[in-house]
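This note is written for a colleague who wishes to examine the structure displayed below. It is set out as numbered points for reading alongside the model.

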Amino acid sequence: MQDERSPFQKLADLLSGLEPETAADQQPIDLTLGEPRHAFPDFVPDIIAQHAEKFRRYPPMRGSDEFRHSVEDWLNMRYALGDLPLAEKNILPLNGTREGLFHAVIGARDWARQQFGKNTSNAAVLLPNPFYHTYIGAARAIDAEPVFLNGSAESGFLPDLEDLATQTELLDRTIAFYYASPSNPQGSVADIATWKKLIALARKHDFLVFADECYSELYRDTPPPGILQACEGNLSHVVTFHSLSKRSNLAGLRCGFAAGDGAFLTHWTKYRNLVAPQVSMPLLAAGAAAFRDEAHVIENRRLYNEKFDAANRILGKKLPHETPPAGFFLWLDVSAFGDDVSVTKKLWQEVGLRVLPGSYLARTDKSGVNPGDGFLRIAMVADLAETQEALTRLRHCLIG
Ligand SMILES: Cc1ncc(COP(=O)(O)O)c(C=O)c1O
């Protein structure tokens with residue numbers, strides 16, 4: 001029986017009753033939560049105020065034309081899609097990607113029955129391992145079998161599609177594949193060839209790809225290719241999820257979107273009209289403006305890059321680590337110092353640093369392998385000074 005507690009609950013249980021034995025002037029530092037702390041664009045409050053009158057009305061599920069056109073322009077610009085007309089049928093606003101990722105699987109189950117004629121009584125949902133917890137919540141909600149695909153250093157920390165392609169029985173009963181690029185926690189990025197393989201598998205075996213690309217804009221120097229680029233104009237079987245939470249430091253705005261297969265999105269909207277949350281119109285107006293502005297995103301990337309450079313300087317060769325190509329987590333191999341759970345406990349007790357054990361973010365597979373074993377997830381979300389302080393404490397604690 002696997003432990004169903006969330007990683008944060010497990011961590012709270014692990015550290016419960018343990019106080020850091022640090023000097024009185026050394027405040028604890030918490031780098032567990034992937035909640036951005038950089039400034040959001042300063043035009044956001046004014047735009048919300050200008051549109052405040054619209055708080056009176058129930059917002060339409062499809063949002064505003066302005067929002068969908070802003071997203072269409074952004075996708076065409078970011079992924080060089082050649083002016084694809086997406087706003088009419090291929091874009092849906094979401095109340096943050098989390099709700100979208102959850103509700104999408106319910107749409108996918110019905111779609112698998114109606115469109116692909118699948119018997120969904122033994123449906124499988126594929127997910128990466130480690131994984132974002134909403135994926136498993138979604139699979140459980142529809143009683144589907146969650147199938148975890150390990151990411152390891154050898155597979156670039158992404159699910160191994162070559163191995164998956166041989167598992168025909170599994171693929172035939174798969175209704176959706178949650179595929180995150182850049183991935184959380186490792187920040188790994190799929191290339192175009194990988195996206196194409198994934199799309200080909202989805203079309204061959206009739207399942208939907210749910211590409212979770214909410215970290216797409218937080219890259220070090222090279223923009224990660226997106227799944228829409230790999231589609232070459234044919235969006236069938238593909239839905240991508242993007243968010244303003246990470247790109248624009250607007251986690252509290254609850255604004256993102258799904259884009260892709262128009263027939264699926266139309267079908268899914270009918271379901272969403274019954275039960276899913278809309279995004280209110282003033283917030284969509286702010287969201288539309290945020291997708292039209294790149295200056296704040298460039299600054300956001302600069303701030304993260306500055307912190308990853310600091311990590312290289314502070315941890316150096318003594319704590320070898322890879323700078324992830326994207327995302328804002330440091331996925332640090334600490335196996336030389338013990339297992340990740342004891343190292344987490346030690347860091348909290350000895351230097352007041354709170355991080356997440358990698359094994360809490362992943363499942364142990366049938367052969368006893370947990371791909372998060374030996375790693376820590378460190379969210380690089382605090383400002384530069386606090387991040388430097390945290391990494392310096394970590395280094396002193398582990399290597400003196
Ligand atoms: C991989 C991944 N997907 C989706 C989300 C959800 O983001 P939001 O609902 O804020 O758009 C998160 C948030 O941490 C995440 O890490």
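The points below take up the domains, the pockets, the cavity, a helix pair and some backbone details.

1. The structure is a predicted model. Where the two domains touch, 29 residues of domain 1 are in contact with 30 residues of domain 2.

2. The largest pocket. Its volume is about 740 Å³, and 31 residues form the lining. Those nearest the centre of the largest pocket are F8, G34, R98, Y132 and K246. Two or more lining residues are given by each of the elements α1 (7-15), α4 (97-114), α5 (133-141) and α10 (244-247). Domain 1 and domain 2 each supply at least three residues to the lining of the largest pocket. By class, this lining consists of 15 nonpolar, ten polar and six charged residues.

3. The second largest pocket. The volume here is about 300 Å³. Twelve residues line the second largest pocket, and P146, V147, F148, D365 and K366 are the closest to its centre. Strand β4 (residues 145-150) contributes the largest share of the lining, with five residues. The class composition of the lining of the second largest pocket is three nonpolar, four polar and five charged residues.

4. The structure contains one cavity of 30 Å³ or more. The volume of the largest cavity is about 30 Å³. Its lining is made up of W74, E213, C214, S216, E217, H242, S243, R247 and F291. These lining residues comprise three nonpolar, three polar and three charged.

5. Packing of α14 on α15. Helix α14 (residues 340-351) packs with helix α15 (residues 384-399) at an angle of about 110 degrees, and their axes are 10 Å apart. An angle of 65 to 115 degrees counts as roughly perpendicular, and α14 and α15 are therefore roughly perpendicular to each other. On the α14 side, the contact is made by V343, K346, L347, E350 and V351; on the α15 side, R393, L394, C397 and L398 meet them. The residues of this contact divide into six nonpolar and three charged, with no polar residue.

6. Most peptide bonds are trans.

7. A positive phi. Most residues other than glycine have a negative phi. A80 is not a glycine, yet A80 has a positive phi of about 45 degrees. A80 is found in the loop between α3 (65-79) and β2 (91-94).

Conventions
Residues are numbered from 1 along each chain as its sequence is written. This is a predicted model: local features need pLDDT of at least 70, side-chain atom pairs count only at pLDDT 80 or more; totals for chains, interfaces and linings use all residues. Side-chain values use heavy atoms; hydrogens and water are left out. On a 1 Å grid over the protein atoms alone, a cavity is a set of points where a 1.4 Å probe fits but cannot get out, and a pocket is an open set with protein on both sides within 12 Å along at least five of seven lines; lining residues have an atom within 4 Å of a point. Grid points are joined across faces, edges and corners, and a volume is the space filled by probe spheres set on the points. Helices (H or I, at least four residues) and strands (E, at least two) are DSSP runs, numbered from the N terminus. Ala, Val, Leu, Ile, Met, Phe, Trp, Tyr, Cys and Pro count as nonpolar, Asp, Glu, Lys and Arg as charged, and the others, Gly among them, as polar. Domain bounds come from an automatic or database domain assignment. Axes are lines fitted to C-alpha atoms, for helices over the stretch in contact, and angles run from 0 to 180 degrees between N-to-C directions. Angles under 35 degrees count as roughly parallel, over 145 as roughly antiparallel, 65 to 115 as roughly perpendicular and the rest as oblique. Contact means heavy atoms within 4.5 Å.
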